[in-house]
Each structure stands twice: as structure tokens, then as C-alpha cells.
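Please examine the sequence and the three-dimensional structure shown here before reading on.

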Amino acid sequence: MIDHTGIFVSDWTRGRAFYDAVFAALGGSCMSEIPTEYTGGVHVCGYGRDVPVFWLSESKDAGPGRHTAFAARTRAEVDAFYAAAIAAGGKDNGGPGIRTEYSPTYYAAFVYDPDGNNIEAVCHAPQ
């Protein structure tokens, strides 16, 4: 029921590089960049596979306390997401694996992005 969502990053270059790598691992990319003359001078980029669903915005109000889970189509995408996020400067918050506390097929990985946001990739498909 969510059409799109987004977060803030404090360092646009670092945040953009991190999310470019994370979304590439999930088969997505930045699909839309809003010209800064429409955003008050801040950088804004929308990521997705078919349409932009996750928006990254430059802001001084970035930081921990936000959580977003990205849908992975396969468990291999979850693994690739985790590897890409760690390689791009993320910090481990729970490596790839089954989380039976959520469901018998909930395969996920959790990473803190460079601003401390808790991001996750999850695949609900059975092995």
C-alpha cells in the first residue's frame, strides 16, 4: 500500500555511491533525478526497478532511527545486497539468513548505511 518512500543523507556523494551499489545488487538503479532548481538546491534521486519507489534526498537532518526493507526477488539478491552494502561502507546489522521469528521463509540481511539508517533486503520465496 506504499507507493514510494525515502530517506535523507548528509553527504550526497557518499550516500549516492552507497545506494547506487545497493540498488544495483537488487536489480535497480537511480531512475529519476529532480533538478535542483525545483528542490531548493538539494540533490534528490529516485531509485527503483520499473519506477522510482525509494527517494534519496540531501539534508542536514539525516541519521539513525529510520528503517527501510527492500524487496529482493531471490535469496541470491539478498546476499548480493549485503555484500554490496558492506563493500560500499555499510556496517553489519545482521548478515543474510532465515529469520523464523518473522516467517519460515523470511530470508533477509540488515545493514546500517553511512548515516546510520537501518536498511534491509528481504526475500519471502522458499529456497
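The paragraphs below lead from the core to a disulfide, a pocket and several individual residues.

The structure is a predicted model, in which local features need pLDDT of at least 70 and side-chain atom pairs count only at pLDDT 80 or more, while totals for chains, interfaces and linings use all residues. Residues are numbered from 1 along each chain as its sequence is written, and side-chain values use heavy atoms, with hydrogens and water left out.

In soluble globular proteins, nonpolar side chains tend to be buried together. A nonpolar core is here a set of buried Ala, Val, Leu, Ile, Met, Phe, Trp, Tyr and Cys residues joined through side-chain atoms within 4.5 Å. Buried means under 20% relative accessible area, exposed means over 50%, and partly exposed lies in between (1.4 Å probe, protein chains only). The largest nonpolar core has 24 residues, and those with the most contacts inside it are Tyr19, Leu56, Phe70, Phe81 and Ile119. Two or more residues of this core come from each of β1 (5-9), α1 (12-25), β3 (44-48), β4 (54-58), α2 (75-87), β8 (107-112) and β9 (118-123). The greatest contribution to this core, five residues, is that of α1. Helices (H or I, at least four residues) and strands (E, at least two) are DSSP runs, numbered from the N terminus.

Contact means heavy atoms within 4.5 Å. With neighbours within four places in sequence left aside, Ile119 is in contact with Phe18, Tyr19, Val22, Thr68, Phe70, Phe81, Ala109, Phe110 and Val111.

Which two residues does a disulfide join? A disulfide is a pair of cysteine sulfur atoms within 2.5 Å, and by this rule the count comes to one. The disulfide joins Cys30 to Cys45, with an S to S distance of 2.0 Å. Cys30 lies in strand β2 (residues 29-33) and Cys45 in strand β3, so the pair ties together parts that are 15 residues apart in sequence. Cys45 has 0% relative accessibility and therefore counts as buried. Cys123, at 2% relative accessibility, is likewise counted as buried.

The next subject is the empty space at the protein. Rolling a probe the size of a water molecule over the atoms shows where empty space is left. On a 1 Å grid over the protein atoms alone, a cavity is a set of points where a 1.4 Å probe fits but cannot get out, and a pocket is an open set with protein on both sides within 12 Å along at least five of seven lines; lining residues have an atom within 4 Å of a point. Grid points are joined across faces, edges and corners, and a volume is the space filled by probe spheres set on the points. The largest pocket has a volume of about 440 Å³. Its lining has 18 residues, of which Val53, Phe54, Ala69, Phe70 and Ala71 are the closest to its centre. Strand β5 (residues 67-71) supplies the largest share of this lining, four residues. The lining divides into nine nonpolar, six polar and three charged residues; Ala, Val, Leu, Ile, Met, Phe, Trp, Tyr, Cys and Pro count as nonpolar, Asp, Glu, Lys and Arg as charged, and the others, Gly among them, as polar.

Asn117 lies in the loop between β8 and β9 and, at 1% relative accessibility, counts as buried. Leaving aside neighbours within four places in sequence, the contacts of Asn117 include Ile7, Phe8, Gly63 and Pro64. Asn118 is found in strand β9 and is also counted as buried, at 17% relative accessibility.

Pro64 belongs to the loop between β4 and β5. Is Pro64 buried or exposed? Pro64 is exposed, with a relative accessible area of 64%. Beyond four places in sequence, Pro64 is in contact with Asp115, Gly116 and Asn117.

Arg49, in the loop between β3 and β4, is partly exposed, with a relative accessible area of 33%. Arg49 and Cys30 are 19 residues apart in sequence and 8.8 Å apart in space, C-alpha to C-alpha. Asp92 has its place in strand β6 (residues 91-92) and is partly exposed at 45% relative accessibility. Not counting residues up to four places away in sequence, Asp92 touches Tyr82, Ile86, Phe110 and Tyr112.
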